[in-house]
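Visitor: I have a model open and would like to learn how to read it. Where should I begin?

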Protein chains: 2
Amino acid sequence: MKTLWIFAHPEDRSLNASLRDTGIAALREQGHQVRESDLYAMCWKPVIDGADFPRETGGRLRVGEAQERAHAGGGLSWDVREEQEKLAWADTLVFQFPLWWMGPPAILKGWLDRVFTQGFAFGVKDAEGNPRRYGDGGLAGKRATVITSVGARPSGFGPRGIHGHIDDVLFPLHHGTFWYTGMEALPPFVIYGADRLTEDEYAPYADELRGHLLGLPTAEPLRFRSERGGDYGGDLVLRAGVEPERTGFAAHSLGRAGGTEERRRYPEDGSGARTGMSV
Amino acid sequence: MKTLWIFAHPEDRSLNASLRDTGIAALREQGHQVRESDLYAMCWKPVIDGADFPRETGGRLRVGEAQERAHAGGGLSWDVREEQEKLAWADTLVFQFPLWWMGPPAILKGWLDRVFTQGFAFGVKDAEGNPRRYGDGGLAGKRATVITSVGARPSGFGPRGIHGHIDDVLFPLHHGTFWYTGMEALPPFVIYGADRLTEDEYAPYADELRGHLLGLPTAEPLRFRSERGGDYGGDLVLRAGVEPERTGFAAHSLGRAGGTEERRRYPEDGSGARTGMSV
């Protein structure tokens, strides 16, 4: 694999940083290529603003149009172009972050906002002028996986858990971002109870992560419906005959293929000392 | 009302900025107080990092703990304290932003990451030491509404639309953020087809927004289940007897109360010139 590892954690002595080091070493040992975007180390600018684009004097900033025009004319800022070059190189993306307010930290949200530009990642058309989205797009052919840590127990992120099912919590990334731009979403690696994990308990997590990563080349992606596969009408609504009773995010999923069993590891002792690596 | 209006759009000559001006003027005309956090104008720093906290020499940054300690000791950075002071003053929050990658722009995500600190917004306990979450919390007693613009048509964000139902798309904010910290989520105001809206079509949107805002004092909130209302077990999973067949985000909702009908306005002419105000 040619892997681009996007890392978004402020502390280099954290559980997440340890897992990153473990994971990247495991990939390289197996002969995979890895490039990194360590967003904190890069002092990544997360905010889209007028400085990102060449602008006509007095012109209004219309973000989508400005992105597309700048992309077409080579006028995107150097940091965005550098990330897009890495993306073009990679066949596999790893997004690693602690889950804050049910989503990626601002620095990673802003990497998506700025790098997945109109005309590059989305807003692209096929030869007949049809929009390429949801199963096709500027990043078609690539695969992406999320590695994320949460403080809660797995039960709270289960199908009827209070935080919402982890599949739904990650749906805006898996479906609204990866699948929307044409990428396949590979099963996520979720570390539950990350606040409680002690250093003694680290080894089995590291082993699981190695297994997850080395299995990526043959992993079955999450199966979502393609926009143009026949399930949706021209109004982008599921046709009446397609699982008529279903609503919610899950209606757009065809389920997980066999063998992509969900990880449910959790620190054995819920009262574990909080002196371990930070999340 | 004492309203804090949090605004996250990079362009002051945009549809969103026009709606903000219209909305704030309408509130003030009716005698409501309004304070603003215009995140772009403030050059808001969205990234949580070590500079946010007083740190012991050589200490690891553990974000949650560092937030709680800094909040208790008055050591949060001045910009975060200023926003928390505004929050403490307000009884009603308005979050206005264009929906990017199914969520708020990084600058607003980072406002949540940095301002909703542990010990202030969440991670607070009652007199018996029980955690106050989901229907209770550091921001209990306040109400919040989202105003957001999307490029797509309403059908794509309907119950079976390809982007996911707007109620699910906004669930991480409504439930995972507002409700989690004790706030009630008021119905959102969603502007569909925002890219296509022309200046001629602005007036009815402005009227609807005025109606939305002036109705907030009596608006029925979205109804979510309280963590401690009896529907969840100690594992934070819905008890077997509570709507046994339901999964997904909607399982945690008690539905919308009467009268909070969803807005479905959309520019009449889908091919409308794109020369209007930007989103």
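What follows is a dialogue on how to read some features of this structure.

Guide: Begin with the ground rules. This is a predicted model, in which local features need pLDDT of at least 70 and side-chain atom pairs count only at pLDDT 80 or more, while totals for chains, interfaces and linings use all residues. Residues are numbered from 1 along each chain as its sequence is written, chains are lettered from A and ligands numbered from 1 in the order in which they are written, and side-chain values use heavy atoms, with hydrogens and water left out.

Visitor: How many helices and strands does chain A have?

Guide: Helices (H or I, at least four residues) and strands (E, at least two) are DSSP runs, numbered from the N terminus. Chain A has seven helices and six strands. Read from the N terminus, their order is β-α-β-α-α-β-α-β-α-α-β-β-α.

Visitor: What share of the contacts in chain A joins residues at least 24 apart?

Guide: A contact means heavy atoms within 4.5 Å. Taking contacts in chain A between residues at least 6 apart in sequence, 78% join residues at least 24 apart.

Visitor: What percentage of chain A is buried?

Guide: A residue is buried under 20% relative accessible area, exposed over 50%, and partly exposed in between (1.4 Å probe, protein chains only). In chain A, buried residues are 59% of the 279 residues. One case is Thr3(A), in strand S1 (residues 2-7) of chain A. Thr3(A) counts as buried because its relative accessible area is 1%. Beyond residues up to four places away in sequence, Thr3(A) touches Leu27(A), Gln33(A), Val34(A), Arg35(A), Trp89(A), Thr92(A) and Val94(A).

Visitor: Which residues touch the most other members of the largest nonpolar core?

Guide: A nonpolar core is a set of buried Ala, Val, Leu, Ile, Met, Phe, Trp, Tyr and Cys residues joined through side-chain atoms within 4.5 Å. The largest one here has 121 residues, and Phe95(A), Trp111(A), Phe116(A), Phe95(B), Trp111(B) and Phe116(B) touch the most other members. Leaving aside neighbours within four places in sequence, the contacts of Trp111(A) include Leu4(A), Trp44(A), Phe95(A) and Phe116(A). Another core, of 22 residues, lies apart from the largest one and has Ala17(B), Leu27(B), Phe189(B) and Leu209(B) among its members.

Visitor: How is the size of an interface given?

Guide: It is often given as the accessible area lost when the parts come together. Buried area is the accessible area (1.4 Å probe) that two parts lose on being put together, summed over both. Between chain B and chain A it is about 5,700 Å², with 58% from carbon and sulfur atoms. In chain B, Trp101(B), Arg160(B) and Ile162(B) lose the most area to chain A, together 20% of what that side buries. By contacts, 71 residues of chain B meet 71 residues of chain A.

Visitor: Which residues does Gly161(A) touch?

Guide: Gly161(A) sits in the loop between strand S4 (143-149) and helix H5 (166-169) of chain A. With residues up to four places away in sequence set aside, Gly161(A) touches Ser155(A), Gly156(A), Leu236(B), Val237(B) and His252(B). Gly161(A) is buried, since its relative accessible area is 0%.

Visitor: How many cavities of 30 Å³ or more are there?

Guide: On a 1 Å grid over the protein atoms alone, a cavity is a set of points where a 1.4 Å probe fits but cannot get out, and lining residues have an atom within 4 Å of a point. Grid points are joined across faces, edges and corners, and a volume is the space filled by probe spheres set on the points. By this rule there are seven cavities of 30 Å³ or more. The largest cavity holds about 340 Å³. Its lining has 26 residues, with Met102(A), Gly103(A), Pro104(A), Met102(B) and Gly103(B) nearest its centre. Helix H4 (106-115) and helix H6 (171-179), in chain A and in chain B, each give two or more residues to this lining.

Visitor: What is the phi of Met102(B)?

Guide: Met102(B) has a positive phi of about 65 degrees, although it is not a glycine. Met102(B) lies in the loop between strand S3 (92-98) and H4 of chain B, and is buried, with a relative accessible area of 16%.

Terms used
On a 1 Å grid over the protein atoms alone, a cavity is a set of points where a 1.4 Å probe fits but cannot get out, and a pocket is an open set with protein on both sides within 12 Å along at least five of seven lines; lining residues have an atom within 4 Å of a point.
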